[in-house]
Amino acid sequence: MPNRLKVAVSPHIHKPVSVSKIMWSVSLSLIPAGIAGAFIFGFPALWITVISLITAVTTEAVIQKLTNKKISIKDGSAFLTGLLLAYNLPPSVPFWIPVVGSFFSIAIGKMIFGGLGQNIFNPALAGRAFLMASWPSYMTSFTGPLKFDAVTSATPLALLKEGKPLGDVSYMDMFLGLRGGCIGEVCIIALLIGAAYLLFRRYINWQIPFTFILTVGLFTWICGPRGFLTGDGIFHVLSGGLILGAFFMATDYVTSPLTINGQIIFAFGCGLLTAIIRLWGGYPEGVSYAILIMNAATPIIDRFTKTRVYGIVRY
Amino acid sequence: MTEKQQNRCFQEFIKGIIRENPTFVLALGLCPTLAVSTSVSNAIGMGAASTFVLIGSNLIVSLIKKQIPEEIRIPCYIVIIATFVTVVELIMKAYSPALNRALGIYVPLIVVNCIVLGRAEAFASKRTFVHSFMDALGMGIGFTLALMIISIIREFFGFGKIINYPVSYNFHPALVIGMPAGALLVIGLLLGFFNLIKQKK
Amino acid sequence: MKGLIKYGMILGTICLISAGLLACVNLLTKERILAQINNEETASLKEIFPDAVSFSPVKQKDTILYYLAEDSHKNILGAAFKAHGKGYSSVIETMAGVTPDGTITAIKVLNQNETPGLGSRICEVEADTTIFEAMKGKAKQTTPKKPWFQEQFCNKNIDNFDSIEAITGATISSRAVITSVQKRAKEVLEMIKHNQ
């Protein structure tokens, strides 16, 4: 297959794709997962998403107003950040968690660095990491699917970490999203519909998500609990926030490497770190931390993988 | 002392508080700042201990600066500083064991606090006795004030307390602000804030 | 070579003066530091066995293994002992009391150098007055509360430590206290049995 996404020196051919078009398309592609989340976890899930969106957009507008910058909330990037943050929250959190999280994502995760395109870390994930370190008790108590009585139940990954039996969660349940988890991460089928749309429109490429998911699957299969090649790779691929993270957060333009080779290294690192955190780390889930750590490594990956300018000696 | 000299002394004193604040402008001694700025009482204890060491070491260094050869000045300074730190630690253990316990390892670590060595090297080794004293006092107070500002913010947001009293029973503090990562965040934001004020001026 | 000797002399002189000064300060504060430590020790023993009148140290050579706590009728209430556990950044020294049937009466952390604000919360006392109440002068004059983490150990059997809640963000420090007290309590009970 010809490599159509090569980063090269000029001349460039203009393509009628703008930042705002991409942002709104990604947001649109995330809608099915949100609807599924609202259906699975009930009204609170919808409520949290709306609060998160409003806070994110308002924060961006207020900060741009205060710093005398052009207000750019129409480009959809703040909307997308708010949406992704909400999707990374358990449905049972109190209302102020998405408020603080969205504010942190936009103000500290993005605007402090100079706004869109300048941020080192994925803003939504920075917000989630802040919430996770600040209110671990709220961020790790989940409600079960289709039970609207707010009884806490552990996620499949948390059960695995504590060495408890998984119960009757089948692959099909996990695929459809009938399990405990964050609002937007549970319904794999809805996420895949959105991802297919983005892949089809070529807004994201297939290298990052596939390398990421494949690495997690293979690694967890190889390093199984009962020795070599005994792991349940499919379980690990379907559980936690892997699908959401791989398709919608690791592919963030700003915080992932520029070249295809760099992106593959980036995605491999994400996958490896995710698997390591899940298998041996302190937390049951590691997708968000893996992506954040690889975000930090992105500049150095770029440095070693960028296309050479013709005639210049390699250092 | 003439008025001009007095003015000069005052300048040496006041510069450490704002214009050359050790934490926010010189960015020296951040290690204890990250570690002990979790509560206002710790901050004051740490600030007082550091100020004492600063004054002591600055005075001695400025007194014997002519006798110390250039080549071995650093070990000489360190011995002097370490002496004062040990004195502080012994006194603290004898008269305020609770504070000593709260500050823990960071009291002996004042020895390697860059502010103390930095002032001995950059200031006291070149200046007079009186100026060195004023400089140490100013720097010590500047460091204490900086620690207090950071610790007030961290105590409030990280532990939900103001001077060891909880703000409300329903307030859920952001634990991360109380951790070292939160200290970096708070210091970074404060640095940015102070630079912003400076630019506006 | 000449310079080297000269430098050595200067540095040596500074070190000598420093050492002399420190020796003086040490001499002046030594008694007080020892007294402080002793005070704390008797105070913590009293805290652990409030009903006890006398504490007799049981020694092996020169090290104190544990203290036998006796009430006014010479009945043995239990044994107080020190446990040491490796925490996150220091060795945590805990004083604990155990009755002959294996119930912890109380524990008290004597020494720790854990991260301020995290691990050091094993000594945290829950305040019961908010700043607003304190400013209005409505401070409740109650007896000082004990640290909530340590309070959890009271009247728990040493085989039943699972219900003790670790501190959020300071699991290593909490575990260090729990396991060290448990291990040492078992050893002390074993020793008491042996001696009788």
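Me: How do you know how much area chain B and chain C bury between them?
Reply: Buried area is the accessible area, taken with a 1.4 Å probe, that two parts lose on being put together, summed over both. For chain B and chain C that comes to about 3,000 Å², with 72% of it on carbon and sulfur atoms. On the chain B side, Leu90(B), Arg101(B) and Tyr169(B) supply 18% of the area buried against chain C, more than any other three residues. One caution: this is a predicted model, where local features need pLDDT of at least 70 and side-chain atom pairs count only at pLDDT 80 or more, while totals for chains, interfaces and linings use all residues. Side-chain values use heavy atoms, leaving out hydrogens and water, residues are numbered from 1 along each chain as its sequence is written, and chains are lettered from A and ligands numbered from 1 in the order in which they are written.

Me: What makes residues of chain B and chain C count as in contact, and how many are there?
Reply: Contact means heavy atoms within 4.5 Å. By that test, 36 residues of chain B touch 34 residues of chain C.

Me: How many salt bridges and polar contacts are there between chain B and chain C?
Reply: A salt bridge needs a side-chain nitrogen of Lys or Arg within 4 Å of a carboxyl oxygen of Asp or Glu, and the count between these two chains is 0. A polar contact is a pair of N or O atoms within 3.5 Å; within protein, one must be able to donate a hydrogen and the other to accept it, and residues adjacent in sequence count only if both atoms are side-chain atoms. Between chain B and chain C, 4 residue pairs are in polar contact, both residues at pLDDT 80 or more. Among the elements of chain B on this side, α4(B) gives the most, with 11 residues; helices (H or I, at least four residues) and strands (E, at least two) are DSSP runs, numbered from the N terminus.

Me: Why is the pair Glu60(A) and Lys110(A) called a salt bridge?
Reply: Their closest N and O atoms are 2.8 Å apart, and the cut-off is 4 Å, so the pair qualifies. Glu60(A) lies in helix α2 (residues 43-66) of chain A and Lys110(A) in the loop between α4 (96-107) and α5 (123-134), 50 residues apart. Over all chains, the structure holds 14 salt bridges.

Me: How do you know that β5 and β6 of chain C are paired?
Reply: Two strands pair if DSSP finds at least two bridges between them. β5 (residues 103-111) and β6(C) have 2 bridges, in the antiparallel sense, so they meet the condition. Thr103(C) stands opposite Asn157(C) in β6(C).

Me: What makes β1 and β6 of chain C edge strands?
Reply: The open sheet of chain C has 6 strands, in the order β1-β2-β3-β4-β5-β6, with antiparallel pairing. β1 (54-60) and β6 (156-157) each have a single partner strand, so one side of each has no neighbour in the sheet.

Me: Which bridges and turns link β1 to β2 and β3 to β4 in chain C?
Reply: β1(C) and β2(C) share 7 bridges and form a hairpin with 2 residues between them, where Lys61(C) has a positive phi of about 55 degrees. β3(C) and β4(C) are joined by 8 bridges, and their hairpin has 4 residues between the strands.
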